[in-house]
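Look at the sequence and the model below.

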Amino acid sequence: MGIFKRNRRAITGFSAVLLFVFFFVIFFRLNFTTVVVSGDSMLPTLKSGKKVLVSHAYWLVGPIGHGDLVVLRSELHGEYIIKRVYKLAGETVDSYNVPTSWLLTMGPLKVPEASIYVLGDNRAISEDSRTFGPVAVNRVIGKVVAY
């Protein structure tokens, strides 16, 4: 009889571990995703073909801030792009980094509410906010948490 109780507890302990692993996998799938880098606009930080871990659970990883890498839905190409946050809503973009369509006679460019201004690390070839302007926060897939 003592052996039967011990086996029953072992099965219960094993079941608890399986449940924990199951819930961890579900939690991870709902809050994180992986994205493969394509192109050289984020060199030297990210090379083409590199996988990055992205989270949209800001309550886990903190809000989007200066210098964060974010994944965006591109309106131009219908794919994802990875860029670095340069300015947040309400901040002024310096004249060297304003969009090509922005005329200096229009005054300083202030990032609109619920938007961010993003730049690629390899600015010489990067297609970023200098090309398409500020990005609405609702186009952000998530924040890169590991690369």
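Arg130 sits in helix H3, which covers residues 129–132. This is a predicted model. Arg130 has a relative accessible area of 16%. The cut-off for buried is under 20%, so Arg130 counts as buried.

What joins the side chains of Arg130 and Asp128? A polar contact of 2.9 Å links them. The two side chains also meet in a salt bridge, at 2.9 Å from N to O. Asp128 is buried too, with a relative accessible area of 0%.

## Three salt bridges

Side chains of opposite charge can pair when their charged atoms come close. How many salt bridges does the structure hold? There are three. The bridge between Asp128 and Arg130 is one of them.

Asp68 and Lys143 form another, at 3.4 Å from N to O. This pair connects distant parts of the chain, 75 residues apart. Asp68 is in the loop between H2 and strand S3 (69–73), while Lys143 is in strand S9 (residues 140–146). Both Asp68 and Lys143 are buried.

Asp121 and Arg84 also meet in a salt bridge, with 2.8 Å from N to O. Asp121 belongs to the loop between strand S7 (115–119) and H3, and Arg84 to strand S4 (residues 80–88), so the bridge ties together parts 37 residues apart in sequence. Are these side chains buried, partly exposed or exposed? Asp121 is partly exposed, at 24% relative accessibility. Arg84 is partly exposed as well, at 25%.

## Aromatic pairs

A pair of aromatic rings is described by the distance of the centres and the angle of the planes. How many aromatic pairs does the count give? With ring centres required to lie within 6.5 Å, the count comes to six aromatic pairs. Take Phe20 and Phe24. Their ring centres are 6.5 Å apart and their planes meet at 20°. Planes under 30 degrees apart count as stacked, so this pair is stacked.

Where do these two residues lie? Both are in helix H1 (residues 2–31). They are four residues apart, which is about one turn of the helix. Phe20 counts as exposed, at 59% relative accessibility. Phe24 is partly exposed, at 47%.

Phe22 and Phe23 make an aromatic pair with another geometry. Their centres are 5.5 Å apart, with 65° between the planes. Planes over 60 degrees apart count as edge-to-face, so the pair of Phe22 and Phe23 is edge-to-face. Phe22 is partly exposed, at 48% relative accessibility. Phe23 is exposed, at 52%.

## An aromatic cluster

Which residues form one aromatic cluster? They are Phe20, Phe24, Phe28 and Phe32. Phe32 lies in strand S1 (residues 32–36). Phe32 is buried, with a relative accessible area of 14%.

Phe32 can also be placed relative to Val144. The two residues are 112 apart along the chain. Their C-alpha atoms are separated by 9.6 Å.

## A nonpolar surface patch

Which element gives the most to the nonpolar patch? H1 does, with seven residues. H1 and helix H2 (58–61) each supply at least two. Phe27 is partly exposed, at 34% relative accessibility. A patch residue must have over 30% relative accessible area, so Phe27 passes that cut-off.

## Charges over a ring

Which residues lie over the face of Tyr86? Lys87 does, at 5.2 Å from the ring centre. Arg123 also lies over the face of Tyr86, at 5.8 Å from the ring centre.

Terms used
Residues are numbered from 1 along each chain as its sequence is written. This is a predicted model: local features need pLDDT of at least 70, side-chain atom pairs count only at pLDDT 80 or more; totals for chains, interfaces and linings use all residues. Side-chain values use heavy atoms; hydrogens and water are left out. Buried means under 20% relative accessible area, exposed over 50%, partly exposed in between (1.4 Å probe, protein chains only). A charge sits over a ring if NZ of Lys or CZ of Arg is within 6 Å of the ring centre and within 35 degrees of the ring normal. A polar contact is a pair of N or O atoms within 3.5 Å; within protein, one must be able to donate a hydrogen and the other to accept it, and residues adjacent in sequence count only if both atoms are side-chain atoms. A salt bridge is a side-chain nitrogen of Lys or Arg within 4 Å of a carboxyl oxygen of Asp or Glu.
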